[in-house]
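Welcome! Take a moment to look over the protein below, and then we will walk through its sheets and helices together.

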Amino acid sequence: MLQQYQEAIENSNIVSKTDVNGIITFVNDEFCKISGYSKEELLGKNHNIVRHPDVPASKFKLLWQTIKAKKIYKSTVKNRAKNGSTFYVNTTVIPILNEKGEIEEFIAIRYDVTQEIFYKHSLEKKERELEVLNIDLEKRVEAKTKELKELNETLEMRVQEEIKKNEEKQKVMFWQSRFASLGEMLANIAHQWRQPLTELNLTLFSLKKAAFNQDIGEVEMLYDESKALIKNMSNTIEDFSNFFKPDKGKQHFMLRESIEEALHILKRVLKKDMIQVKTSYEDVSVLGITNEFTQVIINLLKNSRDAFVENGVLIREIKIEVSKENGNALIIVEDNAGGIKEKERYKIFEPYFTTKHTSQGTGLGLFMSKMICEKGFNGSLDVSSKKGTTRFTIKIPLESENEK
Ligand SMILES: Nc1ncnc2c1ncn2[C@@H]1O[C@H](COP(=O)(O)OP(=O)(O)OP(=O)(O)O)[C@@H](O)[C@H]1O
Ligand SMILES: [Mg+2]
């Protein structure tokens with residue numbers, strides 16, 4: 001039976017025996033196989049032949065203390081084979097006692113756990129890597145969160161900056177368009193002065209002649225005539241300068257007056273190009289800057305005039321209507337100058353959109369007009385066009401006092 005037990009153990013385990021000093025007295029085939037040494041090489045050698053240099057001395061001290069105390073020692077041990085490779089064995093060392101109770105020898109029974117230990121190590125390594133990755137990930141999330149937070153904080157500031165920049169740009173465009181009008185006005189004045197200047201010249205020449213002839217009556221008549229001409233010329237300047245006076249801020253004004261001012265300024269142009277303007281007014285007053293509203297009407301009239309000329313329309317008519325509707329002042333400016341193509345209708349309010357030659361238009365007129373209606377008057381400016389006609393509609397909300 002004992003023999004059979006021994007065989008069973010030897011076949012399934014790595015078995016060795018040493019004397020009390022640790023000198024090998026027996027090894028089975030399994031021991032030779034795993035260590036790479038032959039029986040001859042092992043027998044008579046100290047058991048530390050398979051000792052791995054990594055294993056600390058303290059471990060062996062504990063082993064010897066345990067077995068010398070006649071106790072069983074159990075542990076997983078790292079060993080080195082003959083070819084230098086590492087193997088791990090689960091080890092049980094049992095002291096064998098004689099009948100006097102003294103230690104006779106030690107039997108060590110082991111089994112190979114190299115594979116398991118390797119798996120365990122690689123698992124541990126992976127775990128460590130994962131941990132590092134996790135920490136790294138946490139750090140990266142933190143950094144991104146911080147970045148986002150900062151972005152969020154500066155975003156509002158940047159939006160404000162952009163808004164400010166935009167507002168400044170619009171202010172510049174506003175003045176650009178006013179100055180464009182100014183240039184045109186000056187050309188108007190110069191033109192309007194040409195005729196009375198010639199007349200004045202002639203009158204002065206006649207005056208000199210009358211003075212020479214001592215014809216007092218004639219001198220006086222010619223003098224009055226000259227004065228009238230000069231007054232007329234001075235009035236022309238007066239007409240235009242009003243439009244360029246510094247804005248006094250928002251005031252209530254009658255739409256009719258503001259529109260008549262525009263018609264007055266463009267009187268000569270409209271007459272020259274044979275454009276008839278039909279007006280119908282309800283008495284409506286609104287709150288805002290009258291010069292700005294005049295400018296809107298001038299822009300619309302000039303556009304109509306340009307379209308009449310461009311399209312060579314024969315019977316030229318512009319209708320201007322002022323009325324009240326649902327708490328709004330409604331101003332309609334309509335011409336029969338040919339209409340606007342559908343695909344252009346969406347673009348005409350964009351800054352710098354023009355179909356005219358650069359010397360003829362900057363494309364700011366309608367953009368400015370819309371700005372004035374929306375920002376200056378809290379209202380709107382829209383266009384519609386059909387059958388050769390174009391209709392611009394301005395809506396301005398009435399103050400409660402105007403709704404009566
Ligand atoms: N009454 C109209 N009839 C036909 N086309 C029009 C009319 N009003 C405007 N348009 C079109 O809209 C475009 C834009 O008009 P807008 O007044 O903004 O600029 P512009 O007249 O070209 O130049 P600017 O007014 O700056 O001198 C014009 O070029 C023209 O093609
Ligand atoms: Mg224009």
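In what order do the five strands of the antiparallel open sheet come? The order is S2-S1-S5-S4-S3. Keep in mind that this is a predicted model, where local features need pLDDT of at least 70, side-chain atom pairs count only at pLDDT 80 or more, and totals for chains, interfaces and linings use all residues. Residues are numbered from 1 along each chain as its sequence is written, while chains are lettered from A and ligands numbered from 1 in the order in which they are written.

**Domains**
- The domain assignment (bounds come from an automatic or database assignment) gives domain 1 (2-112) and domain 2 (248-402).
- The centres of these two domains, taken over C-alpha atoms, are 110 Å apart.

**The antiparallel sheet**
- Helices (H or I, at least four residues) and strands (E, at least two) are DSSP runs, numbered from the N terminus.
- Two strands count as paired if DSSP finds at least two bridges between them.
- Strand S2 (24-27) and strand S3 (73-80) are at the edges with a single partner strand each, so one side of each has no neighbour in the sheet.
- From one strand to the next, the twist averages 30 degrees.
- Five bridges join strand S1 (residues 14-18) to strand S5 (residues 103-112) in the antiparallel sense, and Val15 has Ile109 of S5 as its bridge partner.

**The mixed sheet**
- Another open sheet of five strands shows mixed pairing, in the order S7-S9-S10-S12-S11.
- Its edge strands, S7 (275-281) and S11 (380-386), each pair on one side only.
- Strands S9 (residues 316-325) and S10 (residues 328-335) pair in the antiparallel sense over eight bridges; the partner of Lys324 in S10 is Ala329.

**Two helices**
- Helix H9 (residues 290-311) and helix H11 (residues 365-376) pack at about 150 degrees, with their axes 9 Å apart.
- Axes here are lines fitted to C-alpha atoms, for helices over the stretch in contact, and angles run from 0 to 180 degrees between N-to-C directions.
- H9 and H11 are therefore roughly antiparallel (angles over 145 degrees count as such).
- Residues making the contact (C-beta atoms, placed from the backbone, within 7 Å) include Val296 and Leu300 of H9 and Met368 and Ile372 of H11.
- H9 lies across S7, S9, S10 and strand S12 (389-397), at about 20 degrees to S10.
- H11 lies across S11 and S12, at about 130 degrees to S11.

Definitions and conventions
Parallel < 35°, antiparallel > 145°, perpendicular 65-115°, else oblique. Contact = placed C-beta atoms within 7 Å.
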